Amino acid sequence: MIRFILNGTNVTFTGNPEMKLLHFLRKEKHITSVKDGCSGQGACGACMVEINGEARLSCLTPMKKLDKAVVNTLEGIPEAIRDVLALAFVEKGAVQCGFCSPGFLMRTKILLQKNPEPTREEIRHALNQNLCRCTGYVKIVDAIADAASKLRSGEQAAATIPSGHVGSSYPKYEAYEMASGQKKFINDLFVNGMLFGALRFSDHPRAVIKAIDVQEALKVNGVVSIFTAKDIPGDRYTGLIFNDWPLMIAEGETTRYIGDVLAGVVAESEEAARQAAALIKVSYEVLPPVTDPHEAISPGSPGVHPGKSNLLETCRISRGGAAEAVIAGSAFVARGIYQTQRIEHAFLETEAALAMPEDSGLHLFSNGQGIYVDRRQVASLLGLKEEKVRVTLVSSGGGFGGKEDITVQGHAALFAWLLKKPVRVVLSRQESIRMHPKRHPVYMDMAIGCDRNGLLTGLRLYAIGDTGAYASVGTKVMERVAGHASGAYHIPCVEVEALTVYTNNIPSGAMRGFGANQVCFALEGCIDDLCRQGGFDRWQFRYNNALTEGRMTATGQVLRGGVGVRATLEAIKPFYDKARYKGLACGIKNSGVGNGMPDFSDVIIEIVSENKVRLLHGWTEMGQGVHTLTTQMLFEETGIPPAIVEVMVDSKAGIPTGMTTSSRATALLGNAILDAAQRIRKDLEGHQLKDLAGKSYRGNYTCDWTTKPGVNTGEIITHFAYGYASQLVVLDGHGRIETVYAAHDAGKIMNPRMFEGQIEGAVHMGLGYALSEDLPMTGGHLVSDGMRDLKILRAREMPEIVVLGVEVKDPVGPYGAKGLGEIGLVPTAAAVANALCDFDGKRRFSLPLDRKPKNSPQ
């Protein structure tokens, strides 16, 4: 018997003494402010609690250690203190996706009661157990310092609500609820009669499934049913572009990667479901996997997909003549083979879905990046009409592109549909790493040339992207590699060949930057090499060759307006001139899917009463702030206060929208809001808001003027807009990163604090990409599925980040705004590589970068 105090209440525990406190809090007490982000690895800090005045990770703490202890979650903190902390996080912009925020808040409380006046360095070191994938920690440190000041002065918590106008730092939608742990994510949802699902994954990347034996699994107490591929009533295959990804692999078929699902267990508890899934016995005929993309496209290589070539697609661009001849005739030539690595998204909330019968159909709660795409795929799996499937978005605890592909949504929906009961499926951290697509590893053989005056003449690129077992959006990623090959520069002659290749590795798909990051690393390395050969100033060379209106991208698109590359270079110039050891890189990133595919958005604005307006759209809120920007734009156009606006994303609204991807939500949704708002504004000219109660306004915006690659057309318009950036990485005398200056052209800075937060978070991710992060595989298997082994940078490892906002208005975006989510890290790794080369003279050709100086004895 274990007795302790929990949030001021006496608790007597008589269960398993080895049970972890996190399990007890969440499963038995339903205290969901403590989050599970790493599945018991002690790697993320989201489950942090206070035990006897000390910060402890509840996922590592067994109940047997709690006898006579005093345990507090956020619910046990005095309300006055909790509000000071939470509001500081809200006001300083420290909350993005919000999943990690309660853990940071708890750490803040314990830090400040021990050290009421910490330095910023002490704060950063105190956060060593807490991981954030969104913010880059800058705003979190700001918030903790601000909270400390307020607590020392005895200042009472009070929310200061600034203007909601576009251009103001209005607080993020539901940020207080997220920071204080009140906001529910899917793994926090409990409904009466809910069952729990668990998945059985393949043990081998390539093997014939001879038999699936579920007899031992069925004997586990609490197991309700076990499902395999034969139980799927509709089309077993789904996909975002190609329907090549089966929900489950059937007996007699061949697996394609270790994340393939062979069976699903539904039980009365998650523990029983997982125990049973582990007991499912599978007989295999193991085959040699295809893991090297170069070998995968060589003659005689086994097909990852039976009867199909491993070469999924080739994207070619050729303009301006024979590139190799132009390059060979150039005064200076830079060549290199560059390689980037596989990267895990590491969003703090793993994939989760809750499905339940509703009327004669199904209601799915999803944290994916496109509820209407989820609806289409789930309906197909179940053999239902789309209108029979309703999908509601539950705010996502991070995505970064990794939640575009359907994962557990299909399994939860299948189980609930067949059992006619609510079923929730949540991936563990290890399963998440195993299952969802990653950032593409890309091989790039690049050559560029310039004349004696330092003007670029030609570029040739041959690139191979390992798209893994399934297509995902791999073809689009490699199209971005090709389309962004010339980066933020005008190059008259371009020849590109970019191959998307199937292997038996984990699939690769969308991740923040979407191909532009990879090719920027190669291009900017070559540009610095040209500068070294010709004795050119690296800043001036880039300025002279930068894209401007009338110049063209790699695809041949002539830019007509809003080109801010030079403005970002000008913003960074003073810091460039002062720095001794430095690396510079510029970036470009498209907004919108483009390439001849229509980009569109609808919105419905319902006037419920004078005190409530409901705004319905189809875009996923995953920390980037799309909900906040919608309320600000609505206020700007109509005067409707953001505080009374409820934002909902639910397919019941009937406004089909594609994936929240390609940095396009602000432009498309923003223009749709402007369309609806003009009618609201007109109606408000002679009426008060209460007079419009019951009215509904629909807005739309469609961009259908982009052109398909290779189509013979008058004018090439690959994308409707682009974002631009320049980043400068400054090293100290020991070769360590001291400061990153990030100058970004936002077109219009809609919300300054959120703008800074997006760039700071992107730079953090870009630095990890450059220096430490990797997800290596060998023989189709992961070297490690541990979260710590991802080597995501912690707060104490971060240099100073200085964000420089630039506004060169875009012709398409609302108020001239441009997408921000991806461009933020496009130049980062390249700038770091160039800085290290400036320090020691060693050119790096692969990521993560080797930080040993040239000729280092170690």
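Helices (H or I, at least four residues) and strands (E, at least two) are DSSP runs, numbered from the N terminus.

## Basis of the model

This is a predicted model, in which local features need pLDDT of at least 70, side-chain atom pairs count only at pLDDT 80 or more, and totals for chains, interfaces and linings use all residues. Residues are numbered from 1 along each chain as its sequence is written, and side-chain values use heavy atoms, with hydrogens and water left out.

## Asparagine 187

Asparagine 187 lies in the loop between helix H6 (175-179) and strand E6 (195-201). Its relative accessible area is 17%, so asparagine 187 is buried (under 20% relative accessible area; exposed is over 50%, partly exposed in between, with a 1.4 Å probe and protein chains only).

Contact means heavy atoms within 4.5 Å. Not counting residues up to four places away in sequence, asparagine 187 touches Arg26, Arg424 and Val426.

## Valine 408

Valine 408 sits in helix H12 (residues 408-419). Its relative accessibility is 0%, so valine 408 counts as buried. Leaving aside neighbours within four places in sequence, valine 408 is in contact with Leu199, Glu351, Ala352, Ala353, Val425 and Leu427.

Valine 645 is 237 residues away from valine 408 along the chain. The C-alpha atoms of valine 408 and valine 645 are separated by 31 Å.

## The five-stranded sheet

Strands of a sheet pair through backbone hydrogen bonds, either parallel or antiparallel. Here, two strands pair if DSSP finds at least two bridges between them. An open sheet of five strands runs in the order E13-E21-E20-E19-E14, and its pairing is mixed. Strand E13 (311-319) and strand E14 (332-339) are the edge strands, each pairing on one side only. On average, neighbouring strands of this sheet are turned by 5° against each other, direction ignored.

E14 and strand E19 (residues 442-450) run antiparallel and are joined by eight bridges. Isoleucine 337 has aspartate 445 in E19 as its bridge partner.

## Valine 501 in strand E21

Valine 501 belongs to strand E21 (residues 493-502). With 0% relative accessibility, valine 501 counts as buried. Leaving aside neighbours within four places in sequence, its contacts include Pro293, Ala296, Ile297, Asn310 and Leu311. Ile464, Gly465, Asp466, Thr467 and Gly468 are also among the contacts of valine 501.

Lysine 476 is 25 residues from valine 501 along the chain. Their C-alpha atoms are separated by 12 Å.

## The E1-E2 hairpin

Strand E1 (residues 2-6) and strand E2 (residues 9-13) pair in the antiparallel sense over five bridges. Arginine 3 has threonine 12 in E2 as its bridge partner. E1 and E2 form a hairpin with two residues between them. In the turn, asparagine 7 has a positive phi of about 50°.

## Helices H20 and H21

Helix H20 (residues 752-771) packs against helix H21 (residues 828-840) at an angle of about 50°, with the axes 8 Å apart. Axes are lines fitted to C-alpha atoms, for helices over the stretch in contact, and angles run from 0 to 180 degrees between N-to-C directions. H20 and H21 are therefore oblique to each other (angles under 35 degrees count as roughly parallel, over 145 as roughly antiparallel, 65 to 115 as roughly perpendicular and the rest as oblique). Their crossing is right-handed (the near helix is turned clockwise from the far one by less than a right angle; anticlockwise is left-handed).

On the H20 side, Val763, Gly766, Leu767, Tyr769, Ala770 and Leu771 meet Thr828, Ala829 and Val832 in H21. By class, this contact has seven nonpolar, two polar and no charged residues. Ala, Val, Leu, Ile, Met, Phe, Trp, Tyr, Cys and Pro count as nonpolar, Asp, Glu, Lys and Arg as charged, and the others, Gly among them, as polar.
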